[in-house]
Amino acid sequence: MPFSDLAIDLETRASLGLLRQRRTVTTSQSPRIVVDGKSYLAFCSNDYLGLANHPQLIAALQTGAQQWGVGAGAAHLVSGHFEPHHQLELALAACVGKPAALLFSTGYMANLGVVQALVGKGDSVFADKLNHASLNDAMVLSRAEVRRYRHNDVAHLKTLLSQSTTKRKLVLTDAVFSMDGDLAPLPELLALCEQFDAWLLVDDAHGFGVLGEHGRGSWAHFQLPNSPRLIYMATLGKAAGVSGAFVAAEKVVIDTLVNQARSYVYTTASPPALSVATLASLEIIKNGDEKRQHLRRLIQQLREGLSDLPWPLMPSPTAIQPLLIGDNQAALSLSERLRERGIWVTAIRPPTVPIGTARLRITLSAAHTTADVEQLIGALHELAG
Ligand SMILES: *Cc1c(COP(=O)(O)O)cnc(C)c1O
């Protein structure tokens, strides 16, 4: 069999509790999903504001499709750049207080594109060890020299920056770490970048829409000074409830991306109707203080309710609340036993997280009720007892 070694690799993965499998959901995204004919209370989407299935977004997507059709039909630099893309870029730039913004089809592509366009051979990239896989892949692809610093360790980063002799330096960090839920010390990171003449790329996939005044993101949460060396990236498929991503920065950075970011240049533009829906989403985000307040209350309720379990909650102030289990099989088994009780929480295992830190990644959404959170707290206590 020409693929026998692939089968052996898969069997090895399975024996280590590392096999990844998909489940088909037969309802739309919400705290109640149906999988294999059974209904579950789910705590594993990144739909933090409950917008993925919001009637105003659905209506906007329908209107957008009526006016602009379905496919963009071409790349942005050919004939695929439409008025809704343009309007959305203007709105996003204004929302995050930057001179310009550029839409990408996904966050993964945005990170690949930015890093590869801004640095290359002879340059240096400095990256937090717990950054998202897309930032890690981006730095390898860029061919710049890679230096990784210990998670959120500003002193370590300072040492690495002070030792560097390269002219172009780019620091990469998640703003909210996707598997831990904690925040990067953005003010300190930015100050170091000022000191060592480096650029700072902040990936705010889990902060945009949720953190800061009007949900403008982690930079607003920290009230960062408006620095041109900060390059801001966020995704539109999480709290914004649609799909895609954007980078906001100085105009010269954005123009460079339009010319050099291969994952922007060599791909079909996203459907313009998605931009129409995202514009509707931005309005709801701007006026979404009540949703964000509700979400904060749920986070507090969960943390208080789970404080006496045998498994520690990781120290996170955000909607990502990981319960640290450690062992892969133990994490899988806890996830399975929750599922038997009608609750869906995914187990996250290496290599997505470091070995020995398998966890249940609980995520909360403003679409959850306090009764939903109470049900999860109750089930976890039963399973611990
Ligand atoms: C989800 C995520 C991405 C990728 O975004 P997609 O739009 O899903 O491709 C990038 N960075 C972080 C930190 C993420 O959590």
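Select Asn152, which is partly exposed in this predicted model. Its relative accessible area is 21%, and a residue counts as buried only under 20%. Asn152 is placed in the loop between β5 (145-149) and α6. Please inspect its backbone: phi of Asn152 is near 60°, a positive value in a residue other than glycine.

Another residue with a positive phi can be selected next. His214, although not a glycine, has a phi of about 55°. The loop that holds His214 runs between β7 and α8. His214 is partly exposed, and its relative accessible area is 28%.

Which loop holds Ser164? Ser164 is found between α6 (154-163) and β6 (169-174). With a relative accessible area of 14%, Ser164 is buried, because the limit for that class is 20%. Display the side chains here: that of Ser164 makes a polar contact with that of Thr166, at 2.9 Å. If residues up to four places away in sequence are set aside, Ser164 touches Ser124, Phe126 and Lys169.

**A pair of helices**

Select residues 107-118, helix α4, together with residues 133-142, helix α5. At what angle do these two helices pack? The angle is about 35°, and the axes are 8 Å apart. The crossing of α4 past α5 is right-handed.

To view the contact itself, show the side chains on both helices. On α4, the residues that take part are Tyr108, Asn111, Leu112, Val115 and Gln116. Facing them on α5 are Ser134, Leu135, Asp137, Ala138, Met139, Leu141 and Ser142. Of the residues in this contact between α4 and α5, seven are nonpolar, four are polar and one is charged.

**Salt bridges**

The next stops concern charged side chains. Side chains of opposite charge can pair when their charged atoms come close. How many salt bridges does the model contain? The count comes to 11.

Begin with Glu194 and Arg229, whose side chains meet in a salt bridge at 3.1 Å, N to O. Glu194 belongs to helix α7 (residues 186-195), whereas Arg229 is in the loop between α8 (218-221) and β8 (230-235), so this pair ties together parts that are 35 residues apart in sequence. Are the two partners buried or exposed? Glu194 is partly exposed, at a relative accessible area of 40%, while Arg229 counts as buried at 19%.

Asp197 counts as partly exposed, with 48% relative accessibility. Viewed together, Glu194, Asp197 and Arg229 are linked in a network of salt bridges.

Arg292 is buried, with a relative accessible area of 3%, whereas Asp289 is partly exposed, at 44%.

**Two further loops**

Go back to the loop between α8 and β8 and select Asn226, which lies there. Asn226 counts as exposed, at 62% relative accessibility. Leaving out residues up to four places away in sequence, Asn226 touches Gly97 and Lys98. A distance may also be drawn from Asn226 to Val247: these residues are 21 residues apart in sequence and 15 Å apart in space, C-alpha to C-alpha.

What kind of peptide bond joins them? The bond is cis, with omega about 5°. Pro351 is located in the loop between β12 (347-348) and β13 (358-363).

How values were computed
Residues numbered from 1 in each chain as written. Predicted model: local features only at pLDDT ≥ 70, side-chain atom pairs only at ≥ 80, totals over all residues. Heavy atoms only, no water. Salt bridge = Lys/Arg side-chain N within 4 Å of Asp/Glu carboxyl O. Helix = DSSP H or I, 4+ residues; strand = E, 2+ residues; numbered from the N terminus. Buried < 20%, exposed > 50% of the residue type's maximum accessible area, 1.4 Å probe, protein only. Polar contact = N/O pair within 3.5 Å; in protein donor to acceptor, adjacent residues only side chain to side chain. Contact = heavy atoms within 4.5 Å. Axes fitted to C-alpha atoms, helices over the stretch in contact; angles between N-to-C directions. Left-handed = near helix turned anticlockwise from the far one by under 90°. Nonpolar A, V, L, I, M, F, W, Y, C, P; charged D, E, K, R; others polar.
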